[in-house]
Amino acid sequence: MPKREEINVDWPWAQKFPFHSAIKVGDTVWVSGIVAWDPDGNIVGEDDMLVQTRQTFANMKQVLEEAGATMDDVVKIQAFLTDIDRYAEYSRGRSEAFTGNMPASTAVASPKLIQDGLLVEIECVAVIGSG
């Protein structure tokens, strides 16, 4: 049985929360919900769904790299959007993030995320080597 490995990115804001950026078991990586924070915990792209989506996927890429995975290895994403009417902006950012292998995808309307001003949160599952 493969061992569970805790994956953490060295973001200053992450030190304030008792969670892991991802959990890796064997070749599978479960990435926690990622938002559009810069390394210091400031929102990137205030009131801009596209910019926040781009930042969120950039943060996700960093977590995946820490785990030895790539965006091409992502097999499933689940997004939480505070304004589902802005789905097209999110969809554009998702298409930019996944130029090779588009993962299975779910988007859910969520009235609120962890901080006021955040518009999108995304979690994913990746299988290393599947891309």
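Let's start with one side chain: Arg92 is partly exposed, with a relative accessible area of 48%. Here, buried means under 20% relative accessible area, exposed means over 50%, and partly exposed lies in between (1.4 Å probe, protein chains only). This is a predicted model, in which local features need pLDDT of at least 70 and side-chain atom pairs count only at pLDDT 80 or more, while totals for chains, interfaces and linings use all residues. Residues are numbered from 1 along each chain as its sequence is written, and side-chain values use heavy atoms, with hydrogens and water left out.

Which residue forms a salt bridge with Arg92? The partner is Glu96, and the closest N and O atoms of the two are 3.4 Å apart. A salt bridge is a side-chain nitrogen of Lys or Arg within 4 Å of a carboxyl oxygen of Asp or Glu. Arg92 and Glu96 are separated by about one helical turn because they are 4 residues apart in helix H2. Helices (H or I, at least four residues) and strands (E, at least two) are DSSP runs, numbered from the N terminus.

How many salt bridges does a search of the whole structure find? The search finds 5. One of them brings together the side chains of Arg54 and Glu96, at 2.6 Å from N to O. This pair links distant parts of the chain, with Arg54 in helix H1 (residues 49–66) and Glu96 in helix H2 (residues 87–97), 42 residues apart. Arg54 counts as partly exposed at 35% relative accessibility, and Glu96 is partly exposed with a relative accessible area of 35%.

Arg86 has a salt bridge too: its partner is Glu89, and their closest N and O atoms are 3.1 Å apart. Is Arg86 buried or exposed? Arg86 is buried, with a relative accessible area of 16%, whereas Glu89 is partly exposed at 28%.

## The sheet

Now for the strands. An open sheet is formed by 6 strands, in the order E1-E2-E3-E6-E4-E5, and the pairing is mixed. Two strands pair if DSSP finds at least two bridges between them. At the edges sit E1 and strand E5 (104–109), each of which pairs on one side only. From one strand to the next, the twist averages 15 degrees.

Strand E1 (residues 4–7) and strand E2 (residues 22–25) run antiparallel and are joined by 4 bridges. Along this pairing, Arg4 stands opposite Val25 in E2, and Glu5 has Lys24 as its bridge partner in E2. E2 is also joined by 4 bridges to strand E3 (residues 28–34), again antiparallel, with Ala22 opposite Val31 in E3. In the hairpin of E2 and E3, 2 residues lie between the strands, and Gly26 takes a positive phi near 65 degrees. A handy rule to remember: in a regular strand the side chains alternate between the two faces of the sheet.

## Helices across the sheet

H1 lies across E1, E2, E3, strand E4 (74–81) and strand E6 (120–127), and runs at about 30 degrees to E6. Axes are lines fitted to C-alpha atoms, for helices over the stretch in contact (heavy atoms within 4.5 Å), and angles run from 0 to 180 degrees between N-to-C directions. H2 lies across E4, E5 and E6, running at about 155 degrees to E4.
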